[in-house]
Amino acid sequence: MKKDDAAGKTRRQIYEEKLRRRSLLIAGTSTVFAFLAVVVLVPLAPGWEKVKASFFNREVFVETFPKLLDAFLIDVMIFVWCAPAITALGLLIALARDVQSPALFPLRIFGAFYTDIFRGVPVVLTVYLIGFGIPGLGLPRPFNSPYIWGSLALILTYSAYVAEIFRSGIEAVHKSQRSAAQSLGLTDGDTMRFVILPQAIRQVIPSQMNMFIALQKDVALLSFIGPVEIFRQAGVFKSLMANFTPYVGAALIFLAVTVPATRYADYLLAKQNKERS
Amino acid sequence: MAKLSLRGVVKRFGENTVCDGIDLEVEEGQMVCLIGASGAGKSTVLRCVNLLEPIEDGEIFLDGVDISVPGLNPQPVRRRIGMVFQSYNLFPHMTAMENVMLAPRRVYGKSREELRPEIAELFTRFGLADRMEHYPDQLSGGQQQRVAIVRALAMKPEVMLFDEITSALDPQLVGEVLDVLRLLKESGMTMVLATHEMGFAREAADKVCFLKDGRILEEGSPETLFGAPKHPETKEFLARSLK
């Protein structure tokens, strides 16, 4: 190998280093300009002072933020009981759509209907219909709680999406795996349980994580039917103080949870793609 | 009575007739090799025998009992007939040991502790003693294929089917898998192979069948089939594959 300089680098390495330095410089410069443009230009807008006072008010922020955090615990709580129920129901629906036996054909039809319907209606509508409709039947306490029926609406909607993702994972497992399991004399049930599902689930974990990040955000929709969770709490503060800063605080709290989770899901996905190639 | 016999087996995929009246007798302890170009129907014959594909016409007998009756529960039959595939088809999320244990545990209801010694012995016999706890992607192709053979054997089958099991292997790994087949033959296993390994078929088979377009055009002992083929198609095929 021909060495061209004192450090003993090849021509190729010197050239690539130069390229790398240049693209770093360009990326750095354009980032600084974009940042300056926002910082300089936005405050020049005629309404900036007003926006600043009503969205970025320091005193309001300091006063409301701890209470918003408390209210966010309700969101987390609802998430914590919805997520396992969604996973279980989603898996059942996915399996129902995959059954081969003709006796269970109605189950297959039901699975298809279910996913079509709950994916076809806006979440907020399902929350309204179930959250107001079922307690409207005049159920006694505690069965008229919006927590129960709001959660049910989320569970029904999200399990439809989660079922579809599980199904795509099941279909992505190569047919030869099924052949191999069957040739060993395993039943269809055992083939699914021990051979197909473990591979399918592993395959869809990143996609499911993205679904659950969306779920954490959509928990806020329950505020429409009663529970004073973070979005509702921010609304209360907004009315009391005539200031929108609590909404910004709520957004920051959501971001603190969803951004790391999204990054992690992307990391898992990238890792999986790398393993597959 | 033949261990395994096929009478006029027909298999179609849509308009395409893949097996067009296959007759085949396999005696207990025999090794029968199916040879022929890709697409001749060798693999499909094996898949039909293992009931992975339902047949359109004909019968398949195992110990004189018709196993091709429509509607028959295939699982008890498949336990008696082991199958090894070209692409190994190991379960990637399980170690070699777990791959082998799964079916005996679930089908025969045996415990891991019960199975471990006998399976460890199988691994040792096939030169895999130090590979039992490895995952498939940590094994070479030849090792994976030997694990797949052990997995099928752990069900204690009476007949073994091998579907071009060396075709996906690097040439230097083919030998170790063929050695396993020789070992099995010595132990008296009844075997049917779909294969492109002409040298092996000639040396080890008891009977060789040449397939073309879903039919057995010629069959006989390896000496006669390789030494003095009668059918012009057989001659042409052998001339091309032996070069």
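This is a predicted model: local features need pLDDT of at least 70, side-chain atom pairs count only at pLDDT 80 or more; totals for chains, interfaces and linings use all residues.
Local features need pLDDT of at least 70 and side-chain atom pairs pLDDT 80 or more, while totals for linings use all residues. Residues are numbered from 1 along each chain as its sequence is written, and chains are lettered from A.

**Exercise 1.** Describe how helix α3 (residues 96-108) and helix α5 (residues 141-153) of chain B cross.

*Solution.* Start with the axes, which are lines fitted to C-alpha atoms over the stretch in contact, with angles from 0 to 180 degrees between N-to-C directions. The axes of α3(B) and α5(B) come within 8 Å and cross at roughly 25°. The two helices are therefore roughly parallel (angles under 35 degrees count as such).

Next, look for contacts, meaning heavy atoms within 4.5 Å. Ala96(B), Asn99(B) and Val100(B) of α3(B) meet Val147(B), Val150(B) and Arg151(B) of α5(B). These contact residues comprise four nonpolar, one polar and one charged.

**Exercise 2.** Which residues lie nearest the centre of the largest pocket, and which elements give two or more residues to its lining?

*Solution.* Begin with the volume, the space filled by probe spheres set on the grid points: about 1200 Å³. Then take the lining: 40 residues, with Gln100(A), Arg178(A), Gln182(A), Asp188(A) and Arg78(B) nearest the centre. The elements giving two or more residues are α6 (146-172), α7 (175-183) and α8 (188-218) of chain A, together with α1 (42-49), β4 (57-62) and α2 (74-80) of chain B. Finally, sort the lining of the largest pocket by class: 18 nonpolar, twelve polar and ten charged.

Technical notes
Side-chain values use heavy atoms; hydrogens and water are left out. Helices (H or I, at least four residues) and strands (E, at least two) are DSSP runs, numbered from the N terminus. Angles under 35 degrees count as roughly parallel, over 145 as roughly antiparallel, 65 to 115 as roughly perpendicular and the rest as oblique. Ala, Val, Leu, Ile, Met, Phe, Trp, Tyr, Cys and Pro count as nonpolar, Asp, Glu, Lys and Arg as charged, and the others, Gly among them, as polar. On a 1 Å grid over the protein atoms alone, a cavity is a set of points where a 1.4 Å probe fits but cannot get out, and a pocket is an open set with protein on both sides within 12 Å along at least five of seven lines; lining residues have an atom within 4 Å of a point.
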